[in-house]
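Let's take a walk through a protein structure together. Keep the sequence and the 3D view at hand as you read.

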Amino acid sequence: MSKAAGIRFMGVREFKEQLTGVLASEEEVVVTRHGKPIARVVPVPEGSPEDLLLGIGMILGESGITKDEALKVLKRAGKTIYG
């Protein structure tokens with residue numbers, strides 16, 4: 001593992017072994033394979049737009065609403081709000 005500008009870099013094996021601790025640390029991690037970045041894990045700040053969208057996505061997924069149905073509802077809401 002190495003650090004650069006507040007970002008941790010770690011290989012896939014190390015990431016798998018330390019996954020719980022990495023997620024609890026709430027810091028950005030770049031996962032590498034053979035020294036090349038393959039994934040970036042970043043915290044989702046509570047109350048952020050990402051947090052809101054991910055929460056909505058989870059609810060929609062659990063409710064069984066399809067992507068097309070959700071988009072129709074959002075378009076209808078947009079027309080209602082913006083005319």
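Predicted model: local features only at pLDDT ≥ 70, side-chain atom pairs only at ≥ 80, totals over all residues.

Residues are numbered from 1 along each chain as its sequence is written, and side-chain values use heavy atoms, with hydrogens and water left out.

Now for the big picture. The protein chain has four helices and four strands; these are DSSP runs numbered from the N terminus, helices being H or I with at least four residues and strands E with at least two. Starting at the N terminus, the order is β-β-α-α-β-β-α-α. The radius of gyration of the protein chain is 18 Å, well over the 12 Å that the globule rule gives for 83 residues, so the chain is more spread out than a compact globule. (That radius is taken over C-alpha atoms, and the rule is 2.2 Å times the number of residues to the power 0.38.) Along the principal axes, the C-alpha atoms fill a box of roughly 50 × 25 × 25 Å. Buried residues make up 12% of the 83 residues. Here, buried means under 20% relative accessible area, exposed means over 50%, and partly exposed is in between, using a 1.4 Å probe and protein chains only.

Next, look at strand 2, residues 7-11. Follow the pairing along: R8 stands opposite V29, and M10 stands opposite V31.

Strand 3 itself is mostly covered, with four of its five residues buried. On to strand 4, residues 36-41, which pairs with strand 3 in the antiparallel sense over five bridges.

Time for some charges. Side chains of opposite charge can pair when their charged atoms come close. A salt bridge here is a side-chain nitrogen of Lys or Arg within 4 Å of a carboxyl oxygen of Asp or Glu, and the count comes to two. In one, R8 meets E27, with the closest N and O atoms 2.9 Å apart. That pair links distant parts of the chain, since R8 is in strand 2 and E27 is in the loop between helix 2 (19-25) and strand 3, 19 residues apart. R8 is buried at 9% relative accessible area, while E27 is partly exposed at 21%. R40 and E28 also form a salt bridge, at 2.6 Å from N to O. R40 lies in strand 4 and E28 in the loop between helix 2 and strand 3, so this pair ties together parts that are 12 residues apart in sequence. R40 is exposed, with a relative accessible area of 58%.

Finally, visit helix 3, residues 49-63. Its 15 residues should span 21 Å at 1.5 Å a residue, and its end C-alpha atoms are 21 Å apart, which agrees; the expected span is 1.5 Å times one less than the number of residues. After helix 3 comes G64, whose positive phi is near 85 degrees.

Methods:
Pairing = 2+ DSSP bridges.
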